[in-house]
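Trainee: Could you walk me through how to read a protein model that holds a ligand? I would like to go feature by feature.

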Amino acid sequence: MNRIKEVRDQVYKMSQDKEKWQNPIGQETAKLLCNLINELNAKKVLEIGTSAGYSGLWIIEALLKTDGHLFTIESNKERYATNTKNFEKAEVTHMVTNVLGHAPEDLPAIPKGIDFAFFDATKRETISFLEGTWEKLNPGAKILVDNVDSHIDKMQEFIDYLDEHNYQYKRIHIDAGLILIDKPS
Ligand SMILES: C[S@@+](CC[C@H](N)C(=O)[O-])C[C@H]1O[C@@H](n2cnc3c(N)ncnc32)[C@H](O)[C@@H]1O
C-alpha cells in the first residue's frame, strides 16, 4: 500500500496558493501522462520541474504498473524540501530519485535509457532541456512539454526549433496546451 492519492490531493490544495507555488498540471494532462507511460511501458521517466511533486505523484502512480522509476529535477531549494517530504509521506521514495539541481546543467546526473520525459520548468529553457535530454532517450521514447498554449509567447521559439530540426511532434490542445515529441525507433 501507499498513500499516493491522499498526498496528491493535499499537494493539489496547497498548490492553489499561486503566490508561493507555480501551476501544477491540469487533470487532462495528468490522464495523458499516465496513459503515455503505460502505453510505452516506460521504466525510466525523467521530469524537469518537480515543484511540490503533484505531477510526480501522478507519474509514480503510472509507474506502479510498469515497475518503473522517476528521476525528477527541481532547482528551488524550498520546493525540493517540500517534494522530498511529499514523496516520503506518499511512501514512494523507493520509486523516485528527486534531484535538487538546475537543468540542463545537472542533467548529467540522470542515467541514460529514459523512455519518457516531461518538461514543466522555465519555458525559455525548453530548447536546452531537449538538447540535454535527447541522447539519454531510448529509441521510441517520447517527450511531453507543458504550457505550450498558455505560454506561446515564450514557446514559439521552441516550436520553430522543432520545425527547423525536423523533430516529429504534435500539439495537443488540452489544459495549458502540450507538445508530444517522438524519438524515432
Ligand atoms: C510549473 S512548476 C512545475 C509543476 C509540477 N510539474 C507539477 O505539475 O506539480 C515549474 C517548476 O520548475 C522549477 N524550475 C524552473 N526552471 C528549472 C530548471 N531549469 N531546472 C530545474 N527546475 C526548474 C521551478 O522552480 C518550479 O518549481
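Predicted model: local features only at pLDDT ≥ 70, side-chain atom pairs only at ≥ 80, totals over all residues.

Trainee: Let me begin with the fold. How many helices and strands does the protein have?

Mentor: A count of elements comes first, and their order second. Here there are 6 helices and 7 strands. Read from the N terminus, the order is α-α-β-α-β-α-β-β-α-β-α-β-β. The radius of gyration is 15 Å, close to the 16 Å from the globule rule for 185 residues, so the protein is as compact as a globular protein of that length.

Trainee: What box do the C-alpha atoms fill?

Mentor: Along the principal axes, the C-alpha atoms take up a box of roughly 45 × 35 × 30 Å.

Trainee: And what share of the residues is buried?

Mentor: Burial is read from a count of neighbouring C-beta atoms, with 20 or more within 10 Å making a residue buried. In this protein, 41% of the 185 residues are buried. Sequence separation is a further view: of the contacts with a separation of 6 or more, 75% join residues 24 or more positions apart.

Trainee: Now the ligand. Which residues come nearest to it?

Mentor: Start with the shell, then ask which elements supply it. The ligand has 20 residues around it, and Gly49, Ser51, Tyr54, Ser55 and Ala121 come nearest. Helix 3 (54-66) and strand 2 (69-74) are the elements that give two or more residues to this shell. By residue class, the shell holds 7 nonpolar, 9 polar and 4 charged residues.

Trainee: On to the backbone. Which peptide bond is cis?

Mentor: For this, look at omega. The bond from Ala103 to Pro104 is cis, with omega near 5°. Pro104 sits in the loop that runs between strand 3 (96-100) and strand 4 (114-119).

Trainee: Why does Asn41 count as exposed?

Mentor: Because Asn41 has 12 C-beta neighbours inside 10 Å, and 12 or fewer is the cut-off for exposed.

Trainee: How should I read Asp175?

Mentor: In the same way: Asp175 has a positive phi near 45° and is a residue other than glycine. Asp175 lies in the loop between strand 6 (168-172) and strand 7 (178-182). With 19 other C-beta atoms within 10 Å, Asp175 is partly exposed.

Conventions: Residues numbered from 1 in each chain as written. Near = placed C-beta within 6 Å. Helix = DSSP H or I, 4+ residues; strand = E, 2+ residues; numbered from the N terminus. Nonpolar A, V, L, I, M, F, W, Y, C, P; charged D, E, K, R; others polar. Rg over C-alpha atoms; globule rule 2.2 N^0.38 Å. Contact = placed C-beta atoms within 7 Å.
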